[in-house]
Amino acid sequence: MGNDEGLDAVDIRLGARLAELRSERGWSLGELAERSGVSRSTLSRAERAEISPTASLLNRLCAVYGRTMSQLLSEVEAEPVPVVRAADQTVWADEASGFVRRSVSPPHAGLRGELVEGRLTAGADIAYDRPPVPGLEQHIWVLDGTLEVAAQDVEHRLDAGDCLRLRVWGPTRFRCPGPEDVRYALVVVLP
């Protein structure tokens, strides 16, 4: 289990939490596969931490479980603290898609917002088929590079300094057209 290259303690805790969430609902792997559109074998391997889940896979599971990705990731971390030191911020990478996510200000009891730093390599293209929570409020502020965001059938091109504000109801797509990587801040506020 922990021997696979690229897997770390976060992946192991994440797999255990995913198994817990399914068990709490009394669902079989087959039932979860039907609800999420993810194969039983992929779900099983993710729960046993045999694979590091992709952003797309986590997004589908978050939608089924009614959580944001940050909420899910915060559930596998220790108790939240008021000051989140840079060295303590959880960094998660989906190497296959070129996406790196830093939880700058993770979900905290009594707070509805969270702050995430996203990085996409030039050419990276990530599509989410649904929001993890319908009506999720997002503010996307590009710090470096260019980001293309598609939401509600509208394409937005954001350059450094630009900010897109929206509520997410359907599919979204984040793409870095290059030539350089993009770095952006994402503020997420629960409805």
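Strand β5 (residues 136-144) and strand β8 run antiparallel and are joined by six bridges. Strands here are DSSP runs of E with at least two residues, helices are runs of H or I with at least four, and both are numbered from the N terminus. Two strands count as paired if DSSP finds at least two bridges between them. Within this pair, W141 has C163 of β8 as its bridge partner. The model is predicted, so local features need pLDDT of at least 70 and side-chain atom pairs count only at pLDDT 80 or more, while totals for chains, interfaces and linings use all residues. Residues are numbered from 1 along each chain as its sequence is written, and side-chain values use heavy atoms, with hydrogens and water left out.

The side chains of β8 alternate. Buried means under 20% relative accessible area, exposed means over 50%, and partly exposed lies in between (1.4 Å probe, protein chains only).

β5 and β8 belong to an open sheet of six strands, in the order β1-β2-β3-β10-β5-β8, with antiparallel pairing. Its edge strands, β1 (91-94) and β8 (163-168), each pair on one side only. From one strand to the next the twist averages 20 degrees. Strands of a sheet pair through backbone hydrogen bonds, either parallel or antiparallel.

At the β1 end, β1 and β2 pair in the antiparallel sense over four bridges, and V91 has R102 as its bridge partner in β2. The hairpin of these two strands has four residues between them, and G98 there takes a positive phi near 80 degrees. β1 has W92 and D94 on its covered face, with V91 and A93 on the uncovered one. Next in the sheet, strand β2 (residues 99-105) is joined to strand β3 (residues 113-120) by six bridges, again antiparallel; S103 has V116 as its bridge partner in β3.

The largest nonpolar core has 45 residues, and L120, I140, L147 and Y184 have the most contacts inside it. Such a core is a set of buried Ala, Val, Leu, Ile, Met, Phe, Trp, Tyr and Cys residues joined through side-chain atoms within 4.5 Å. Helix α4 gives the most to this core, with seven residues. Contact means heavy atoms within 4.5 Å.

α4 also packs against a helix. Helix α1 (residues 9-24) and helix α4 (residues 55-65) meet at an angle of about 35 degrees, with their axes 11 Å apart. Axes are lines fitted to C-alpha atoms, for helices over the stretch in contact, and angles run from 0 to 180 degrees between N-to-C directions. L14, L18, L21 and R22 in α1 meet L58, L61 and Y65 in α4.

R17 is also found in α1. Why does R17 count as buried? Its relative accessibility is 13%. Leaving aside neighbours within four places in sequence, R17 is in contact with E24, R67, L72, E75 and V76.

G66 is found in the loop between α4 and α5 (69-74). G66 counts as partly exposed because its relative accessibility is 48%. Beyond its neighbours within four places in sequence, G66 is in contact with Q71, P132 and V133.
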